Amino acid sequence: KTTYEIISPETIGLKESKLVLGKHSGRHAFREKLIDLGYTLSEEQVNAAFAKFKDVADKKKEVSDEDIRAMIEEKLIDTPEMFKLETVYVEYGNQSVPSAKVRLVTIDGKVLEEEASGNGSVDAIYMAIDKASREDVELTDYSIKSVTHGKDALGEVHVVLTQDDMPALGRGVSTDILEASARAYVDALNRLIDKRKLGGSSRHDKIGLI
(Lines give C-alpha, C1' and ligand atoms only; values in the text may rest on other atoms or scores of the structure.)
Protein backbone atom coordinates (compact mmCIF):
# COMPACT_ATOMS: atom_id res chain seq x y z
CA LYS A 1 0.00 0.00 0.00
CA THR A 2 1.11 3.57 -0.59
CA THR A 3 0.54 6.30 1.97
CA TYR A 4 -2.12 7.74 -0.34
CA GLU A 5 -4.38 4.70 -0.24
CA ILE A 6 -6.44 5.22 2.89
CA ILE A 7 -9.29 3.63 0.93
CA SER A 8 -8.43 0.38 -0.83
CA PRO A 9 -9.02 0.59 -4.61
CA GLU A 10 -10.81 -2.75 -4.59
CA THR A 11 -13.51 -1.44 -2.22
CA ILE A 12 -14.74 1.05 -4.83
CA GLY A 13 -14.40 -1.25 -7.81
CA LEU A 14 -10.96 -0.21 -9.07
CA LYS A 15 -8.21 -2.49 -10.26
CA GLU A 16 -5.51 -3.69 -7.92
CA SER A 17 -2.65 -1.26 -7.35
CA LYS A 18 0.31 -1.51 -9.68
CA LEU A 19 3.94 -1.16 -8.70
CA VAL A 20 5.01 2.47 -8.61
CA LEU A 21 8.14 3.79 -10.29
CA GLY A 22 11.28 4.85 -8.44
CA LYS A 23 14.57 6.69 -8.91
CA HIS A 24 16.11 3.75 -10.79
CA SER A 25 13.27 3.50 -13.33
CA GLY A 26 14.35 4.29 -16.87
CA ARG A 27 12.83 6.18 -19.77
CA HIS A 28 11.24 3.05 -21.26
CA ALA A 29 9.44 2.17 -18.01
CA PHE A 30 8.31 5.78 -17.68
CA ARG A 31 6.95 5.85 -21.23
CA GLU A 32 5.08 2.59 -20.63
CA LYS A 33 3.59 4.05 -17.46
CA LEU A 34 2.36 7.09 -19.39
CA ILE A 35 0.66 4.81 -21.91
CA ASP A 36 -0.83 2.75 -19.10
CA LEU A 37 -2.26 5.93 -17.56
CA GLY A 38 -3.83 6.93 -20.89
CA TYR A 39 -1.46 9.68 -22.06
CA THR A 40 -0.17 10.07 -25.60
CA LEU A 41 2.65 12.61 -25.70
CA SER A 42 5.12 13.75 -28.31
CA GLU A 43 8.80 12.84 -27.94
CA GLU A 44 9.56 16.36 -26.76
CA GLN A 45 6.81 16.21 -24.15
CA VAL A 46 7.96 12.77 -22.95
CA ASN A 47 11.49 14.13 -22.53
CA ALA A 48 10.24 17.11 -20.54
CA ALA A 49 7.98 14.91 -18.39
CA PHE A 50 10.80 12.40 -17.81
CA ALA A 51 13.09 15.20 -16.63
CA LYS A 52 10.43 16.22 -14.12
CA PHE A 53 9.99 12.60 -13.09
CA LYS A 54 13.72 12.17 -12.39
CA ASP A 55 13.74 15.35 -10.33
CA VAL A 56 10.83 14.10 -8.21
CA ALA A 57 12.27 10.57 -8.00
CA ASP A 58 15.52 11.95 -6.57
CA LYS A 59 13.52 13.41 -3.67
CA LYS A 60 11.08 10.56 -3.09
CA LYS A 61 11.61 6.84 -2.62
CA GLU A 62 8.63 6.06 -4.82
CA VAL A 63 6.75 8.06 -7.44
CA SER A 64 3.06 7.17 -7.49
CA ASP A 65 0.60 7.29 -10.37
CA GLU A 66 -0.86 10.42 -8.77
CA ASP A 67 2.56 12.09 -8.83
CA ILE A 68 2.98 11.27 -12.51
CA ARG A 69 -0.50 12.47 -13.38
CA ALA A 70 0.20 15.70 -11.52
CA MET A 71 3.32 16.24 -13.64
CA ILE A 72 1.29 15.86 -16.81
CA GLU A 73 -1.88 17.58 -15.65
CA GLU A 74 -0.13 20.44 -13.85
CA LYS A 75 -2.12 23.59 -14.40
CA LEU A 76 0.06 25.66 -16.71
CA ILE A 77 -2.94 27.82 -17.53
CA ASP A 78 -6.35 27.92 -15.94
CA THR A 79 -8.90 25.35 -17.03
CA PRO A 80 -12.30 27.00 -17.63
CA GLU A 81 -14.77 26.17 -14.86
CA MET A 82 -17.75 24.85 -16.76
CA PHE A 83 -19.10 23.74 -13.37
CA LYS A 84 -18.37 25.27 -9.98
CA LEU A 85 -19.27 23.49 -6.75
CA GLU A 86 -21.32 25.84 -4.58
CA THR A 87 -22.65 23.53 -1.87
CA VAL A 88 -22.62 19.87 -0.92
CA TYR A 89 -24.86 18.35 1.74
CA VAL A 90 -24.54 14.76 2.95
CA GLU A 91 -26.92 12.76 5.14
CA TYR A 92 -25.64 9.54 6.65
CA GLY A 93 -26.55 7.14 9.43
CA ASN A 94 -25.56 3.59 10.27
CA GLN A 95 -29.18 2.50 9.76
CA SER A 96 -29.84 4.45 6.57
CA VAL A 97 -28.63 4.71 2.98
CA PRO A 98 -26.23 7.64 2.50
CA SER A 99 -27.61 10.47 0.39
CA ALA A 100 -26.15 13.69 -0.96
CA LYS A 101 -27.40 16.93 -2.44
CA VAL A 102 -25.16 19.17 -4.52
CA ARG A 103 -25.51 22.59 -6.07
CA LEU A 104 -23.41 23.41 -9.12
CA VAL A 105 -23.20 26.73 -10.93
CA THR A 106 -22.42 26.66 -14.65
CA ILE A 107 -20.03 29.03 -16.38
CA ASP A 108 -23.01 31.11 -17.55
CA GLY A 109 -24.52 31.34 -14.06
CA LYS A 110 -27.17 28.61 -14.25
CA VAL A 111 -27.80 26.85 -10.92
CA LEU A 112 -28.08 23.06 -11.00
CA GLU A 113 -29.28 21.10 -7.96
CA GLU A 114 -29.55 17.33 -7.70
CA GLU A 115 -29.60 14.68 -5.01
CA ALA A 116 -28.79 10.99 -5.05
CA SER A 117 -28.21 7.97 -2.82
CA GLY A 118 -25.18 5.71 -2.99
CA ASN A 119 -23.19 2.90 -1.43
CA GLY A 120 -21.35 5.45 0.68
CA SER A 121 -21.21 9.20 1.20
CA VAL A 122 -18.61 9.76 -1.53
CA ASP A 123 -20.53 7.56 -3.97
CA ALA A 124 -23.72 9.51 -3.25
CA ILE A 125 -21.94 12.83 -3.86
CA TYR A 126 -20.52 11.63 -7.17
CA MET A 127 -23.86 10.28 -8.35
CA ALA A 128 -25.49 13.63 -7.53
CA ILE A 129 -22.79 15.51 -9.46
CA ASP A 130 -23.27 13.17 -12.43
CA LYS A 131 -27.00 13.89 -12.42
CA ALA A 132 -26.49 17.64 -12.16
CA SER A 133 -23.80 17.84 -14.85
CA ARG A 134 -25.41 15.22 -17.13
CA GLU A 135 -21.93 14.00 -18.00
CA ASP A 136 -21.33 10.27 -18.53
CA VAL A 137 -17.97 9.59 -16.88
CA GLU A 138 -16.21 6.71 -15.12
CA LEU A 139 -14.28 7.03 -11.87
CA THR A 140 -11.02 5.15 -12.48
CA ASP A 141 -8.95 6.28 -9.50
CA TYR A 142 -9.54 7.77 -6.05
CA SER A 143 -6.97 8.51 -3.36
CA ILE A 144 -6.58 10.64 -0.25
CA LYS A 145 -3.55 12.13 1.41
CA SER A 146 -3.04 14.50 4.32
CA VAL A 147 -1.30 17.75 3.41
CA THR A 148 -1.14 19.11 6.97
CA HIS A 149 -1.18 17.59 10.45
CA GLY A 150 -3.39 17.91 13.51
CA LYS A 151 -7.12 17.88 14.20
CA ASP A 152 -7.74 20.55 11.56
CA ALA A 153 -5.54 18.82 8.98
CA LEU A 154 -6.22 19.50 5.34
CA GLY A 155 -7.05 16.47 3.25
CA GLU A 156 -6.25 16.35 -0.45
CA VAL A 157 -8.26 14.08 -2.71
CA HIS A 158 -7.10 12.99 -6.15
CA VAL A 159 -9.56 11.46 -8.61
CA VAL A 160 -9.23 10.35 -12.20
CA LEU A 161 -12.29 10.43 -14.43
CA THR A 162 -12.37 8.78 -17.83
CA GLN A 163 -14.68 9.48 -20.74
CA ASP A 164 -14.27 7.66 -24.06
CA ASP A 165 -10.80 6.43 -22.98
CA MET A 166 -9.76 10.02 -22.21
CA PRO A 167 -8.51 10.52 -18.60
CA ALA A 168 -8.37 13.68 -16.52
CA LEU A 169 -7.01 14.24 -13.03
CA GLY A 170 -8.86 16.35 -10.49
CA ARG A 171 -7.74 17.59 -7.08
CA GLY A 172 -9.65 18.94 -4.12
CA VAL A 173 -8.41 20.21 -0.76
CA SER A 174 -10.45 20.84 2.39
CA THR A 175 -10.51 20.09 6.11
CA ASP A 176 -13.67 18.10 5.28
CA ILE A 177 -12.73 15.06 3.22
CA LEU A 178 -16.21 14.81 1.68
CA GLU A 179 -16.00 18.39 0.45
CA ALA A 180 -12.48 17.70 -0.87
CA SER A 181 -13.85 14.64 -2.68
CA ALA A 182 -16.59 16.71 -4.31
CA ARG A 183 -14.18 19.46 -5.35
CA ALA A 184 -11.76 16.93 -6.85
CA TYR A 185 -14.56 15.34 -8.89
CA VAL A 186 -15.78 18.68 -10.25
CA ASP A 187 -12.19 19.70 -11.04
CA ALA A 188 -11.66 16.49 -13.04
CA LEU A 189 -14.99 17.01 -14.78
CA ASN A 190 -13.98 20.50 -15.90
CA ARG A 191 -10.66 19.18 -17.21
CA LEU A 192 -12.43 16.43 -19.15
CA ILE A 193 -14.80 18.90 -20.77
CA ASP A 194 -11.87 21.16 -21.64
CA LYS A 195 -9.97 18.24 -23.19
CA ARG A 196 -13.03 17.28 -25.21
CA LYS A 197 -13.30 20.80 -26.61
CA LEU A 198 -9.62 20.68 -27.53
CA GLY A 199 -10.11 17.50 -29.52
CA GLY A 200 -9.01 15.00 -26.90
CA SER A 201 -5.84 16.78 -25.83
CA SER A 202 -5.25 18.96 -22.81
CA ARG A 203 -4.17 22.58 -22.90
CA HIS A 204 -0.70 21.31 -22.04
CA ASP A 205 -0.61 19.45 -25.36
CA LYS A 206 -1.30 22.71 -27.15
CA ILE A 207 1.46 24.69 -25.45
CA GLY A 208 3.89 21.91 -24.48
CA LEU A 209 5.19 20.80 -21.12
CA ILE A 210 7.62 23.17 -19.42
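**Exercise 1. Which residue in β7 does Glu138 stand opposite? Describe the sheet around this position.**

*Solution.* Step 1. Glu138 stands opposite Thr162 in β7. The model is predicted: local features need pLDDT of at least 70 and side-chain atom pairs count only at pLDDT 80 or more, while totals for chains, interfaces and linings use all residues. Residues are numbered from 1 along each chain as its sequence is written, and side-chain values use heavy atoms, leaving out hydrogens and water. Helices (H or I, at least four residues) and strands (E, at least two) are DSSP runs, numbered from the N terminus.

Step 2. β6 and β7 pair in the antiparallel sense over eight bridges; two strands pair if DSSP finds at least two bridges between them.

Step 3. The open sheet has three strands in the order β6-β7-β8, with antiparallel pairing. β6 and β8 are its edge strands, each pairing on one side only. From one strand to the next, the twist averages 15 degrees.

Step 4. Helix α5 packs on the sheet and touches β6, β7 and β8; contact means heavy atoms within 4.5 Å. The direction of α5 makes about 150 degrees with that of β8, where axes are lines fitted to C-alpha atoms (for helices over the stretch in contact) and angles run from 0 to 180 degrees between N-to-C directions.

**Exercise 2. Characterise the largest nonpolar core.**

*Solution.* Step 1. A nonpolar core is a set of buried Ala, Val, Leu, Ile, Met, Phe, Trp, Tyr and Cys residues joined through side-chain atoms within 4.5 Å. Buried means under 20% relative accessible area, exposed over 50%, and partly exposed in between (1.4 Å probe, protein chains only).

Step 2. The largest such core has 32 residues, and those with the most contacts inside it are Phe83, Leu104, Tyr126, Ile129 and Val157.

Step 3. Elements giving two or more residues to this core include β3 (83–91), α4 and β7 (155–163). α5 gives the most, with nine residues.

**Exercise 3. How are the rings of Tyr126 and Tyr142 arranged?**

*Solution.* Step 1. Rings of Phe, Tyr and Trp (its six-membered ring) pair if their centres lie within 6.5 Å; planes under 30 degrees apart count as stacked, over 60 as edge-to-face and the rest as tilted. A search of the whole structure finds five aromatic pairs.

Step 2. The ring centres of Tyr126 and Tyr142 are 6.4 Å apart and their planes stand at 65 degrees, so the pair is edge-to-face.

Step 3. Tyr126 lies in helix α4 and Tyr142 in strand β6, 16 residues apart. Both Tyr126 and Tyr142 are buried.
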